[in-house]
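Morning, everyone. I have one structure to walk through today. Let me put it up.

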Amino acid sequence: MADTAIRTRTQKPAPAKGRGRKVGRLPRAAVHHPWWFALPAIAVFAAFFLVPNLLNFYYPFTNWSSYHPDIAFTGLDNFKTIADDGSLLRAIRTTLVYALLAAVFQNGFGLVLALLLEEDSRFNRFFRAVFFLPVLISALATGYVFQALLNQDGAVNGLLGTNIPWLGSTTWTLVLVTVIHGWKWMGLSMLIYLAGLKGIPGEMLEAAKCDGAGPWRTFWSVRWPMLAPALTFNVTTALIGSMNTFDIVQATTGGGPAASTEVFNIYMFRVFGQGLYAQASTMSLVLFLIVVALAIPLVFGLRRREQLL
Amino acid sequence: MAIAALAVGVPLWLVAVTSAKPQAEAITPNLDLPRHWQPGGNYEEAVSQGEMLRGFLNSLLVVVPSVALVLILGAGAAWVFARRKSKLVSAAYALCISGLLLPPAVITIVMELRQLGLAGTRPGMIAVYTGMYLSTSIFFMTGFIRAIPVELEEAARMDGATPLRIFRQIILPLLRPVIATATIMVMLYAWSDIFYAFFVLGGGEKATLPLNLYKVASAQLYLNNWHLVFAYVVVMSLPMVAIFLVAQRKIVSGITSGAVK
(Lines give C-alpha, C1' and ligand atoms only; values in the text may rest on other atoms or scores of the structure.)
Protein backbone atom coordinates (compact mmCIF):
# COMPACT_ATOMS: atom_id res chain seq x y z
CA MET A 1 0.00 0.00 0.00
CA ALA A 2 1.75 3.16 1.17
CA ASP A 3 5.08 1.69 0.29
CA THR A 4 6.87 4.99 -0.05
CA ALA A 5 6.23 5.86 3.55
CA ILE A 6 8.01 2.74 4.64
CA ARG A 7 10.90 3.09 2.29
CA THR A 8 11.78 6.61 3.29
CA ARG A 9 11.70 5.35 6.83
CA THR A 10 14.07 2.45 6.18
CA GLN A 11 16.54 4.72 4.50
CA LYS A 12 16.69 6.79 7.63
CA PRO A 13 17.24 4.27 10.41
CA ALA A 14 16.11 5.36 13.82
CA PRO A 15 18.63 7.37 15.76
CA ALA A 16 20.64 5.54 18.35
CA LYS A 17 18.55 7.03 21.11
CA GLY A 18 15.02 6.63 19.75
CA ARG A 19 13.65 9.46 21.88
CA GLY A 20 14.06 13.15 21.44
CA ARG A 21 15.13 13.36 17.83
CA LYS A 22 12.64 14.07 15.13
CA VAL A 23 12.71 12.47 11.75
CA GLY A 24 12.30 15.12 9.13
CA ARG A 25 9.65 17.57 10.10
CA LEU A 26 6.97 15.02 10.96
CA PRO A 27 5.89 14.74 14.58
CA ARG A 28 6.92 11.49 16.19
CA ALA A 29 3.44 10.01 16.37
CA ALA A 30 2.99 10.37 12.64
CA VAL A 31 6.17 8.45 12.00
CA HIS A 32 5.71 5.75 14.59
CA HIS A 33 2.02 5.12 14.21
CA PRO A 34 1.10 6.49 10.83
CA TRP A 35 -2.53 7.24 10.09
CA TRP A 36 -2.58 5.04 7.04
CA PHE A 37 -2.78 2.02 9.31
CA ALA A 38 -6.17 3.26 10.43
CA LEU A 39 -7.46 4.75 7.22
CA PRO A 40 -8.65 1.56 5.47
CA ALA A 41 -10.74 0.61 8.49
CA ILE A 42 -12.11 4.13 8.82
CA ALA A 43 -12.93 4.22 5.11
CA VAL A 44 -14.80 0.90 5.12
CA PHE A 45 -16.61 1.75 8.31
CA ALA A 46 -17.60 5.15 6.99
CA ALA A 47 -18.71 3.86 3.61
CA PHE A 48 -20.73 0.88 4.79
CA PHE A 49 -21.89 1.89 8.22
CA LEU A 50 -21.92 5.65 8.70
CA VAL A 51 -23.06 6.66 5.23
CA PRO A 52 -26.08 4.31 5.27
CA ASN A 53 -27.01 5.64 8.68
CA LEU A 54 -26.78 9.19 7.36
CA LEU A 55 -28.80 8.28 4.27
CA ASN A 56 -31.34 6.94 6.69
CA PHE A 57 -32.04 10.53 7.68
CA TYR A 58 -33.06 11.30 4.10
CA TYR A 59 -34.95 8.36 2.56
CA PRO A 60 -37.72 8.28 5.19
CA PHE A 61 -38.83 11.63 3.78
CA THR A 62 -39.16 10.32 0.23
CA ASN A 63 -41.50 8.05 -1.69
CA TRP A 64 -38.75 5.55 -2.57
CA SER A 65 -40.35 2.23 -3.44
CA SER A 66 -40.31 -0.43 -6.10
CA TYR A 67 -43.28 1.37 -7.72
CA HIS A 68 -41.61 4.74 -8.31
CA PRO A 69 -38.83 5.02 -10.85
CA ASP A 70 -37.86 8.42 -9.42
CA ILE A 71 -37.43 9.27 -5.80
CA ALA A 72 -39.33 12.38 -4.75
CA PHE A 73 -39.38 14.27 -1.49
CA THR A 74 -42.66 13.75 0.33
CA GLY A 75 -42.04 15.18 3.77
CA LEU A 76 -43.58 13.43 6.72
CA ASP A 77 -45.94 11.20 4.72
CA ASN A 78 -44.24 7.97 5.73
CA PHE A 79 -44.28 8.86 9.38
CA LYS A 80 -47.97 9.66 9.08
CA THR A 81 -48.70 6.38 7.33
CA ILE A 82 -47.03 4.19 9.93
CA ALA A 83 -48.47 6.26 12.78
CA ASP A 84 -51.99 6.08 11.34
CA ASP A 85 -52.02 2.36 10.67
CA GLY A 86 -50.84 1.74 14.21
CA SER A 87 -47.64 -0.08 13.27
CA LEU A 88 -45.36 2.63 14.67
CA LEU A 89 -46.61 2.55 18.24
CA ARG A 90 -47.06 -1.20 18.15
CA ALA A 91 -43.51 -1.79 16.94
CA ILE A 92 -42.10 0.57 19.56
CA ARG A 93 -44.05 -1.09 22.35
CA THR A 94 -43.31 -4.63 21.18
CA THR A 95 -39.61 -3.96 20.71
CA LEU A 96 -39.20 -2.28 24.09
CA VAL A 97 -41.06 -5.04 25.90
CA TYR A 98 -39.02 -7.60 24.00
CA ALA A 99 -35.71 -5.92 24.82
CA LEU A 100 -36.56 -5.52 28.48
CA LEU A 101 -37.79 -9.08 29.01
CA ALA A 102 -35.02 -10.60 26.91
CA ALA A 103 -32.43 -8.74 29.00
CA VAL A 104 -34.10 -9.89 32.23
CA PHE A 105 -34.23 -13.55 31.16
CA GLN A 106 -30.79 -13.64 29.58
CA ASN A 107 -29.19 -12.07 32.65
CA GLY A 108 -31.28 -13.98 35.13
CA PHE A 109 -30.52 -17.37 33.59
CA GLY A 110 -26.87 -16.39 33.04
CA LEU A 111 -26.34 -15.23 36.61
CA VAL A 112 -27.99 -18.27 38.15
CA LEU A 113 -25.90 -20.58 35.97
CA ALA A 114 -22.72 -18.70 36.82
CA LEU A 115 -23.43 -19.02 40.55
CA LEU A 116 -24.27 -22.71 40.19
CA LEU A 117 -21.16 -23.48 38.16
CA GLU A 118 -18.78 -21.10 39.93
CA GLU A 119 -16.43 -23.66 41.41
CA ASP A 120 -13.87 -25.15 39.05
CA SER A 121 -14.51 -28.83 38.74
CA ARG A 122 -14.64 -31.26 35.87
CA PHE A 123 -18.39 -31.54 36.19
CA ASN A 124 -18.85 -27.77 36.17
CA ARG A 125 -16.54 -27.23 33.22
CA PHE A 126 -18.51 -29.78 31.23
CA PHE A 127 -21.81 -28.10 32.00
CA ARG A 128 -20.43 -24.65 31.20
CA ALA A 129 -19.68 -25.93 27.71
CA VAL A 130 -23.15 -27.47 27.48
CA PHE A 131 -24.83 -24.20 28.39
CA PHE A 132 -22.70 -22.37 25.87
CA LEU A 133 -23.96 -24.61 23.06
CA PRO A 134 -27.10 -22.54 22.35
CA VAL A 135 -24.89 -19.51 21.74
CA LEU A 136 -23.19 -21.44 18.95
CA ILE A 137 -26.42 -22.51 17.28
CA SER A 138 -27.79 -19.84 14.98
CA ALA A 139 -30.77 -17.86 16.23
CA LEU A 140 -32.80 -18.94 13.22
CA ALA A 141 -32.14 -22.60 14.01
CA THR A 142 -32.96 -21.99 17.67
CA GLY A 143 -36.26 -20.50 16.56
CA TYR A 144 -37.16 -23.58 14.52
CA VAL A 145 -36.21 -25.91 17.36
CA PHE A 146 -38.60 -24.10 19.68
CA GLN A 147 -41.28 -23.99 17.03
CA ALA A 148 -41.08 -27.76 16.85
CA LEU A 149 -41.20 -27.93 20.65
CA LEU A 150 -44.03 -25.47 21.19
CA ASN A 151 -46.25 -26.06 18.16
CA GLN A 152 -49.71 -27.25 18.99
CA ASP A 153 -48.78 -30.72 17.70
CA GLY A 154 -45.21 -30.25 18.90
CA ALA A 155 -43.04 -32.08 21.40
CA VAL A 156 -44.00 -30.21 24.58
CA ASN A 157 -47.72 -30.80 24.17
CA GLY A 158 -46.97 -34.40 23.23
CA LEU A 159 -44.91 -34.83 26.39
CA LEU A 160 -47.42 -33.17 28.70
CA GLY A 161 -50.44 -34.67 26.99
CA THR A 162 -51.87 -31.16 26.59
CA ASN A 163 -53.14 -29.22 23.62
CA ILE A 164 -51.99 -25.69 24.40
CA PRO A 165 -51.38 -23.26 21.49
CA TRP A 166 -48.13 -21.99 23.04
CA LEU A 167 -47.35 -19.67 20.16
CA GLY A 168 -50.92 -18.53 19.61
CA SER A 169 -51.55 -16.03 22.39
CA THR A 170 -51.50 -12.34 21.56
CA THR A 171 -50.23 -11.48 25.04
CA TRP A 172 -48.10 -14.39 26.20
CA THR A 173 -46.37 -15.42 23.01
CA LEU A 174 -44.20 -12.31 23.13
CA VAL A 175 -43.07 -13.27 26.63
CA LEU A 176 -42.40 -16.83 25.53
CA VAL A 177 -40.27 -15.65 22.62
CA THR A 178 -38.19 -13.50 24.97
CA VAL A 179 -37.64 -16.59 27.16
CA ILE A 180 -36.30 -18.35 24.05
CA HIS A 181 -34.06 -15.35 23.40
CA GLY A 182 -32.81 -15.58 26.98
CA TRP A 183 -32.23 -19.30 26.51
CA LYS A 184 -30.13 -18.76 23.41
CA TRP A 185 -27.88 -16.11 24.94
CA MET A 186 -27.68 -17.21 28.59
CA GLY A 187 -24.38 -18.98 27.91
CA LEU A 188 -22.65 -15.76 26.99
CA SER A 189 -24.00 -13.93 30.05
CA MET A 190 -22.97 -16.87 32.19
CA LEU A 191 -19.43 -16.68 30.87
CA ILE A 192 -19.13 -12.99 31.61
CA TYR A 193 -20.61 -13.35 35.09
CA LEU A 194 -18.21 -16.22 35.73
CA ALA A 195 -15.33 -13.96 34.79
CA GLY A 196 -16.68 -11.36 37.19
CA LEU A 197 -16.93 -13.92 39.97
CA LYS A 198 -13.38 -15.10 39.29
CA GLY A 199 -12.20 -11.52 39.70
CA ILE A 200 -13.40 -11.34 43.31
CA PRO A 201 -10.40 -11.73 45.63
CA GLY A 202 -10.61 -14.86 47.75
CA GLU A 203 -9.74 -12.98 50.93
CA MET A 204 -12.87 -10.93 50.54
CA LEU A 205 -15.07 -14.01 50.56
CA GLU A 206 -13.15 -15.46 53.46
CA ALA A 207 -13.46 -12.28 55.44
CA ALA A 208 -17.20 -12.37 54.86
CA LYS A 209 -17.27 -15.95 56.09
CA CYS A 210 -15.29 -15.05 59.21
CA ASP A 211 -17.78 -12.28 59.93
CA GLY A 212 -20.45 -14.94 59.93
CA ALA A 213 -22.15 -14.08 56.66
CA GLY A 214 -24.33 -16.80 55.13
CA PRO A 215 -24.48 -17.50 51.40
CA TRP A 216 -27.28 -14.94 50.88
CA ARG A 217 -25.52 -12.23 52.80
CA THR A 218 -22.23 -12.93 50.99
CA PHE A 219 -24.02 -12.73 47.68
CA TRP A 220 -25.72 -9.40 48.32
CA SER A 221 -22.87 -7.71 50.18
CA VAL A 222 -19.83 -9.05 48.33
CA ARG A 223 -20.53 -10.88 45.11
CA TRP A 224 -23.30 -8.69 43.70
CA PRO A 225 -21.46 -5.35 44.10
CA MET A 226 -18.29 -6.89 42.67
CA LEU A 227 -20.23 -8.05 39.65
CA ALA A 228 -21.09 -4.48 38.63
CA PRO A 229 -18.82 -4.30 35.55
CA ALA A 230 -20.08 -7.67 34.30
CA LEU A 231 -23.64 -6.50 34.86
CA THR A 232 -22.99 -3.29 32.93
CA PHE A 233 -21.67 -5.19 29.96
CA ASN A 234 -24.35 -7.86 30.02
CA VAL A 235 -27.30 -5.54 30.47
CA THR A 236 -26.11 -3.11 27.82
CA THR A 237 -25.40 -5.73 25.19
CA ALA A 238 -28.59 -7.65 25.99
CA LEU A 239 -30.86 -4.60 25.90
CA ILE A 240 -29.34 -2.97 22.85
CA GLY A 241 -28.71 -6.25 21.05
CA SER A 242 -32.24 -7.49 21.48
CA MET A 243 -33.67 -4.28 20.05
CA ASN A 244 -32.12 -5.57 16.84
CA THR A 245 -33.72 -8.97 17.13
CA PHE A 246 -35.05 -10.74 14.09
CA ASP A 247 -34.23 -14.42 13.62
CA ILE A 248 -35.81 -15.94 16.71
CA VAL A 249 -39.05 -14.06 16.24
CA GLN A 250 -39.20 -14.75 12.52
CA ALA A 251 -38.59 -18.46 13.03
CA THR A 252 -41.04 -18.95 15.89
CA THR A 253 -43.96 -16.65 15.09
CA GLY A 254 -43.09 -14.61 12.00
CA GLY A 255 -44.43 -11.58 13.87
CA GLY A 256 -47.80 -13.13 14.71
CA PRO A 257 -50.25 -13.88 16.11
CA ALA A 258 -52.06 -10.75 14.96
CA ALA A 259 -48.76 -8.86 14.72
CA SER A 260 -48.35 -9.14 18.51
CA THR A 261 -44.66 -9.99 18.16
CA GLU A 262 -43.88 -7.67 15.26
CA VAL A 263 -40.65 -5.98 16.38
CA PHE A 264 -38.94 -3.29 14.29
CA ASN A 265 -36.86 -5.64 12.19
CA ILE A 266 -39.79 -7.95 11.42
CA TYR A 267 -41.72 -4.92 10.23
CA MET A 268 -38.83 -3.78 8.03
CA PHE A 269 -38.45 -7.27 6.59
CA ARG A 270 -42.16 -7.50 5.79
CA VAL A 271 -42.58 -4.02 4.34
CA PHE A 272 -39.35 -4.19 2.37
CA GLY A 273 -40.64 -7.42 0.87
CA GLN A 274 -43.70 -5.49 -0.28
CA GLY A 275 -41.43 -3.03 -2.06
CA LEU A 276 -42.19 -0.09 0.24
CA TYR A 277 -38.57 0.86 0.82
CA ALA A 278 -39.05 4.35 2.19
CA GLN A 279 -41.58 3.12 4.72
CA ALA A 280 -39.19 0.41 5.91
CA SER A 281 -36.46 3.02 6.09
CA THR A 282 -38.70 5.21 8.24
CA MET A 283 -39.04 2.42 10.76
CA SER A 284 -35.28 1.95 10.63
CA LEU A 285 -34.79 5.63 11.50
CA VAL A 286 -37.17 5.36 14.44
CA LEU A 287 -35.26 2.31 15.70
CA PHE A 288 -32.00 4.24 15.37
CA LEU A 289 -33.36 7.19 17.35
CA ILE A 290 -34.79 4.98 20.09
CA VAL A 291 -31.54 3.04 20.46
CA VAL A 292 -29.57 6.28 20.74
CA ALA A 293 -32.04 7.69 23.24
CA LEU A 294 -31.82 4.52 25.32
CA ALA A 295 -28.16 3.62 24.98
CA ILE A 296 -26.59 6.89 26.08
CA PRO A 297 -28.32 7.23 29.47
CA LEU A 298 -28.04 3.47 30.00
CA VAL A 299 -24.28 3.32 29.50
CA PHE A 300 -23.64 6.43 31.58
CA GLY A 301 -26.04 5.33 34.31
CA LEU A 302 -24.51 1.89 34.68
CA ARG A 303 -20.99 3.30 34.62
CA ARG A 304 -21.85 5.71 37.40
CA ARG A 305 -23.38 2.84 39.37
CA GLU A 306 -20.12 0.91 39.00
CA GLN A 307 -18.17 3.78 40.49
CA LEU A 308 -20.58 4.19 43.38
CA LEU A 309 -20.38 0.54 44.38
CA MET B 1 -29.44 -27.95 38.25
CA ALA B 2 -31.48 -30.81 36.82
CA ILE B 3 -34.04 -28.35 35.47
CA ALA B 4 -31.29 -26.26 33.94
CA ALA B 5 -29.76 -29.31 32.28
CA LEU B 6 -33.15 -30.35 30.93
CA ALA B 7 -33.67 -26.88 29.50
CA VAL B 8 -30.70 -27.39 27.21
CA GLY B 9 -30.86 -31.15 26.90
CA VAL B 10 -34.42 -31.44 25.64
CA PRO B 11 -34.11 -29.07 22.67
CA LEU B 12 -30.79 -30.58 21.62
CA TRP B 13 -32.17 -34.07 21.95
CA LEU B 14 -35.11 -33.08 19.77
CA VAL B 15 -32.77 -31.84 17.05
CA ALA B 16 -30.68 -34.99 17.19
CA VAL B 17 -33.49 -37.53 17.04
CA THR B 18 -35.64 -35.68 14.53
CA SER B 19 -32.76 -35.28 12.12
CA ALA B 20 -32.47 -39.08 12.03
CA LYS B 21 -36.16 -39.85 11.51
CA PRO B 22 -37.97 -40.60 8.29
CA GLN B 23 -40.48 -37.97 7.25
CA ALA B 24 -43.54 -39.92 8.40
CA GLU B 25 -42.22 -40.09 11.94
CA ALA B 26 -41.01 -36.50 11.98
CA ILE B 27 -44.35 -34.91 11.03
CA THR B 28 -45.26 -34.38 14.65
CA PRO B 29 -41.97 -33.62 16.32
CA ASN B 30 -41.54 -35.55 19.58
CA LEU B 31 -38.77 -36.80 21.78
CA ASP B 32 -39.07 -40.51 20.92
CA LEU B 33 -36.15 -42.33 19.45
CA PRO B 34 -36.60 -42.96 15.74
CA ARG B 35 -38.29 -46.30 15.09
CA HIS B 36 -36.50 -46.33 11.80
CA TRP B 37 -33.08 -44.70 11.65
CA GLN B 38 -32.18 -42.90 8.46
CA PRO B 39 -29.83 -40.03 9.25
CA GLY B 40 -27.84 -40.69 6.10
CA GLY B 41 -30.89 -40.43 3.91
CA ASN B 42 -31.99 -37.16 5.50
CA TYR B 43 -28.62 -35.52 5.12
CA GLU B 44 -28.44 -36.72 1.56
CA GLU B 45 -31.83 -35.24 0.85
CA ALA B 46 -30.85 -31.99 2.51
CA VAL B 47 -27.76 -31.86 0.36
CA SER B 48 -29.63 -32.50 -2.88
CA GLN B 49 -32.90 -30.65 -2.22
CA GLY B 50 -31.75 -27.96 0.13
CA GLU B 51 -28.68 -27.11 -1.91
CA MET B 52 -26.64 -27.52 1.19
CA LEU B 53 -23.22 -27.75 -0.45
CA ARG B 54 -23.76 -24.59 -2.45
CA GLY B 55 -25.02 -22.84 0.67
CA PHE B 56 -22.00 -24.01 2.60
CA LEU B 57 -19.63 -22.74 -0.06
CA ASN B 58 -21.51 -19.43 -0.33
CA SER B 59 -21.33 -19.00 3.43
CA LEU B 60 -17.59 -19.66 3.43
CA LEU B 61 -17.06 -17.25 0.55
CA VAL B 62 -18.58 -14.34 2.46
CA VAL B 63 -17.71 -15.21 6.05
CA VAL B 64 -14.00 -15.94 5.61
CA PRO B 65 -13.11 -12.71 3.75
CA SER B 66 -15.28 -10.70 6.14
CA VAL B 67 -13.52 -12.10 9.16
CA ALA B 68 -10.09 -11.57 7.57
CA LEU B 69 -10.88 -7.96 6.71
CA VAL B 70 -12.39 -7.23 10.10
CA LEU B 71 -9.23 -8.54 11.78
CA ILE B 72 -6.63 -6.92 9.54
CA LEU B 73 -8.28 -3.53 9.17
CA GLY B 74 -9.38 -3.58 12.79
CA ALA B 75 -5.89 -4.35 14.11
CA GLY B 76 -4.33 -1.53 12.07
CA ALA B 77 -6.89 0.98 13.28
CA ALA B 78 -6.71 -0.25 16.87
CA TRP B 79 -2.94 0.20 16.89
CA VAL B 80 -3.20 3.84 15.85
CA PHE B 81 -6.12 4.50 18.19
CA ALA B 82 -4.33 2.94 21.15
CA ARG B 83 -1.03 4.72 20.67
CA ARG B 84 -1.71 8.18 19.33
CA LYS B 85 -3.18 10.83 21.50
CA SER B 86 -5.06 13.76 20.07
CA LYS B 87 -8.62 15.00 19.88
CA LEU B 88 -8.85 13.80 16.31
CA VAL B 89 -7.81 10.29 17.31
CA SER B 90 -10.33 10.07 20.14
CA ALA B 91 -13.05 11.34 17.83
CA ALA B 92 -12.18 8.80 15.15
CA TYR B 93 -12.09 6.05 17.78
CA ALA B 94 -15.46 7.04 19.22
CA LEU B 95 -16.95 7.08 15.74
CA CYS B 96 -15.48 3.71 14.84
CA ILE B 97 -16.83 1.97 17.91
CA SER B 98 -20.25 3.62 17.61
CA GLY B 99 -21.25 0.52 15.67
CA LEU B 100 -21.25 -1.41 18.96
CA LEU B 101 -24.47 0.31 19.94
CA LEU B 102 -25.99 1.82 16.81
CA PRO B 103 -28.14 -0.42 14.64
CA PRO B 104 -27.00 -0.73 11.01
CA ALA B 105 -29.37 1.07 8.63
CA VAL B 106 -30.13 -2.00 6.60
CA ILE B 107 -32.61 -0.48 4.14
CA THR B 108 -30.35 2.33 3.01
CA ILE B 109 -27.40 -0.06 2.83
CA VAL B 110 -29.33 -1.81 0.08
CA MET B 111 -29.88 1.53 -1.68
CA GLU B 112 -26.20 2.39 -1.46
CA LEU B 113 -25.09 -1.03 -2.68
CA ARG B 114 -27.41 -0.70 -5.67
CA GLN B 115 -25.83 2.59 -6.60
CA LEU B 116 -22.37 1.08 -6.24
CA GLY B 117 -23.40 -1.94 -8.31
CA LEU B 118 -22.72 -4.22 -5.34
CA ALA B 119 -26.28 -5.26 -4.53
CA GLY B 120 -26.73 -9.02 -4.60
CA THR B 121 -22.99 -9.65 -4.82
CA ARG B 122 -20.53 -11.26 -2.45
CA PRO B 123 -18.26 -8.20 -2.28
CA GLY B 124 -21.34 -6.20 -1.25
CA MET B 125 -22.15 -8.68 1.50
CA ILE B 126 -18.52 -8.74 2.66
CA ALA B 127 -18.45 -4.95 2.79
CA VAL B 128 -21.61 -4.86 4.90
CA TYR B 129 -20.37 -7.47 7.37
CA THR B 130 -16.96 -5.81 7.58
CA GLY B 131 -18.51 -2.41 8.22
CA MET B 132 -20.83 -3.86 10.85
CA TYR B 133 -18.32 -5.89 12.84
CA LEU B 134 -15.28 -3.61 12.61
CA SER B 135 -16.49 -1.81 15.72
CA THR B 136 -16.35 -4.99 17.77
CA SER B 137 -12.82 -5.86 16.75
CA ILE B 138 -11.53 -2.29 17.07
CA PHE B 139 -13.04 -2.02 20.54
CA PHE B 140 -11.53 -5.25 21.82
CA MET B 141 -8.16 -4.75 20.15
CA THR B 142 -7.67 -1.14 21.21
CA GLY B 143 -8.18 -2.07 24.84
CA PHE B 144 -5.77 -4.94 24.42
CA ILE B 145 -3.01 -2.91 22.73
CA ARG B 146 -3.18 -0.23 25.40
CA ALA B 147 -2.03 -2.89 27.85
CA ILE B 148 1.03 -3.77 25.74
CA PRO B 149 4.06 -1.78 26.93
CA VAL B 150 5.25 0.83 24.42
CA GLU B 151 8.84 -0.03 25.35
CA LEU B 152 8.59 -3.17 23.23
CA GLU B 153 7.97 -1.05 20.18
CA GLU B 154 10.65 1.45 21.12
CA ALA B 155 13.27 -1.25 21.39
CA ALA B 156 12.44 -2.51 17.92
CA ARG B 157 12.45 1.01 16.58
CA MET B 158 15.97 1.53 17.87
CA ASP B 159 16.99 -1.48 15.85
CA GLY B 160 15.65 0.32 12.82
CA ALA B 161 12.35 -1.47 12.38
CA THR B 162 9.75 0.30 10.27
CA PRO B 163 6.19 0.82 11.53
CA LEU B 164 4.97 -1.92 9.21
CA ARG B 165 7.55 -4.29 10.58
CA ILE B 166 6.79 -3.41 14.19
CA PHE B 167 3.11 -3.92 13.50
CA ARG B 168 3.66 -7.26 11.83
CA GLN B 169 6.30 -8.69 14.10
CA ILE B 170 5.41 -7.28 17.49
CA ILE B 171 1.81 -6.13 17.61
CA LEU B 172 0.10 -8.82 15.56
CA PRO B 173 1.68 -11.79 17.38
CA LEU B 174 0.85 -10.24 20.75
CA LEU B 175 -2.73 -9.73 19.63
CA ARG B 176 -3.24 -13.46 19.18
CA PRO B 177 -5.64 -14.01 22.09
CA VAL B 178 -7.86 -11.11 21.17
CA ILE B 179 -7.71 -12.11 17.50
CA ALA B 180 -9.01 -15.53 18.48
CA THR B 181 -11.92 -13.96 20.31
CA ALA B 182 -12.77 -11.52 17.55
CA THR B 183 -12.56 -14.28 14.96
CA ILE B 184 -15.03 -16.44 16.82
CA MET B 185 -17.44 -13.65 17.56
CA VAL B 186 -17.50 -12.25 14.04
CA MET B 187 -17.63 -15.73 12.57
CA LEU B 188 -20.50 -16.67 14.82
CA TYR B 189 -22.49 -13.57 13.90
CA ALA B 190 -21.79 -13.71 10.18
CA TRP B 191 -22.23 -17.47 9.93
CA SER B 192 -25.71 -17.39 11.44
CA ASP B 193 -26.86 -14.06 10.05
CA ILE B 194 -29.96 -14.15 7.92
CA PHE B 195 -31.36 -10.63 8.31
CA TYR B 196 -28.64 -8.74 6.44
CA ALA B 197 -28.03 -11.61 4.03
CA PHE B 198 -31.68 -11.45 3.07
CA PHE B 199 -31.50 -7.77 2.18
CA VAL B 200 -28.13 -7.87 0.45
CA LEU B 201 -27.96 -11.30 -1.20
CA GLY B 202 -31.57 -12.36 -1.33
CA GLY B 203 -32.28 -15.96 -2.31
CA GLY B 204 -30.97 -17.49 -5.48
CA GLU B 205 -27.47 -18.44 -6.55
CA LYS B 206 -25.54 -16.76 -3.78
CA ALA B 207 -27.77 -17.75 -0.87
CA THR B 208 -25.85 -18.63 2.29
CA LEU B 209 -26.69 -21.54 4.61
CA PRO B 210 -29.11 -19.62 6.84
CA LEU B 211 -30.99 -18.36 3.78
CA ASN B 212 -31.26 -21.95 2.58
CA LEU B 213 -32.44 -23.09 5.98
CA TYR B 214 -35.05 -20.36 5.89
CA LYS B 215 -36.22 -21.58 2.50
CA VAL B 216 -36.36 -25.21 3.61
CA ALA B 217 -38.24 -24.27 6.77
CA SER B 218 -40.66 -21.99 4.95
CA ALA B 219 -41.65 -24.93 2.78
CA GLN B 220 -42.34 -26.76 6.05
CA LEU B 221 -45.95 -25.53 6.06
CA TYR B 222 -47.03 -27.77 3.17
CA LEU B 223 -44.19 -30.26 2.98
CA ASN B 224 -43.86 -31.23 6.63
CA ASN B 225 -40.13 -31.64 6.42
CA TRP B 226 -38.98 -31.28 10.01
CA HIS B 227 -36.49 -34.08 9.36
CA LEU B 228 -34.79 -31.89 6.73
CA VAL B 229 -34.99 -28.73 8.82
CA PHE B 230 -33.15 -30.43 11.66
CA ALA B 231 -30.62 -32.09 9.41
CA TYR B 232 -29.90 -28.56 8.22
CA VAL B 233 -29.68 -27.22 11.75
CA VAL B 234 -27.10 -29.85 12.63
CA VAL B 235 -24.94 -29.17 9.58
CA MET B 236 -25.10 -25.42 10.14
CA SER B 237 -24.17 -25.66 13.79
CA LEU B 238 -21.43 -28.27 13.64
CA PRO B 239 -18.67 -26.03 12.22
CA MET B 240 -19.23 -23.47 14.96
CA VAL B 241 -19.32 -26.12 17.67
CA ALA B 242 -16.13 -27.66 16.29
CA ILE B 243 -14.33 -24.32 16.23
CA PHE B 244 -15.48 -23.64 19.74
CA LEU B 245 -14.23 -26.96 21.03
CA VAL B 246 -10.83 -26.45 19.43
CA ALA B 247 -10.32 -22.88 20.60
CA GLN B 248 -12.37 -23.02 23.79
CA ARG B 249 -9.73 -21.80 26.24
CA LYS B 250 -8.72 -18.81 24.17
CA ILE B 251 -12.27 -17.79 23.44
CA VAL B 252 -13.30 -17.87 27.05
CA SER B 253 -10.30 -15.89 28.24
CA GLY B 254 -10.60 -13.43 25.37
CA ILE B 255 -14.30 -12.75 25.82
CA THR B 256 -13.94 -12.31 29.54
CA SER B 257 -10.85 -10.11 29.49
CA GLY B 258 -12.51 -7.84 26.96
CA ALA B 259 -15.80 -7.53 28.74
CA VAL B 260 -14.81 -7.15 32.38
CA LYS B 261 -11.49 -5.51 32.91
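This is a predicted model: local features need pLDDT of at least 70, side-chain atom pairs count only at pLDDT 80 or more; totals for chains, interfaces and linings use all residues.

For chain B, mean pLDDT is 87. There, 95% of residues reach 70 or more.

Now the core. The largest nonpolar core holds 177 residues. Which residues have the most contacts inside it? They are Phe131(A), Met125(B), Tyr129(B), Ile138(B) and Leu213(B). The top contributor is helix H4 of chain B, residues 52-83, with 14 residues.

Take Phe131(A). Leaving out residues up to four places away in sequence, its contacts in chain A are Leu113(A), Leu117(A), Met186(A), Gly187(A) and Met190(A). From chain B, Phe131(A) touches Met1(B), Ala4(B), Ala5(B) and Val8(B).

Next, the helix pair. In chain A, helix H4, residues 77-84, packs against helix H15, residues 277-308. The angle is about 80 degrees, and the axes are 9 Å apart. So H4(A) is roughly perpendicular to H15(A). H4(A) brings Asn78(A), Phe79(A), Thr81(A) and Ile82(A). H15(A) answers with Ala278(A), Gln279(A), Thr282(A), Met283(A), Leu285(A) and Val286(A). By class, that contact has six nonpolar residues, four polar and no charged ones.

Last, Ser260(A). Where does Ser260(A) lie? In the loop between helices H13 (247-252) and H14 (264-273) of chain A. Is Ser260(A) buried or exposed? Buried, because its relative accessibility is 10%, and the cut-off is under 20%. Beyond four places in sequence, Ser260(A) touches Thr94(A), Ser169(A), Thr170(A), Leu174(A) and Gly255(A).

That's my tour.

Methods
Residues are numbered from 1 along each chain as its sequence is written. Chains are lettered from A and ligands numbered from 1 in the order in which they are written. Side-chain values use heavy atoms; hydrogens and water are left out. A nonpolar core is a set of buried Ala, Val, Leu, Ile, Met, Phe, Trp, Tyr and Cys residues joined through side-chain atoms within 4.5 Å. Buried means under 20% relative accessible area, exposed over 50%, partly exposed in between (1.4 Å probe, protein chains only). Helices (H or I, at least four residues) and strands (E, at least two) are DSSP runs, numbered from the N terminus. Contact means heavy atoms within 4.5 Å. Axes are lines fitted to C-alpha atoms, for helices over the stretch in contact, and angles run from 0 to 180 degrees between N-to-C directions. Angles under 35 degrees count as roughly parallel, over 145 as roughly antiparallel, 65 to 115 as roughly perpendicular and the rest as oblique. Ala, Val, Leu, Ile, Met, Phe, Trp, Tyr, Cys and Pro count as nonpolar, Asp, Glu, Lys and Arg as charged, and the others, Gly among them, as polar. pLDDT is the predictor's confidence in each residue, from 0 to 100.
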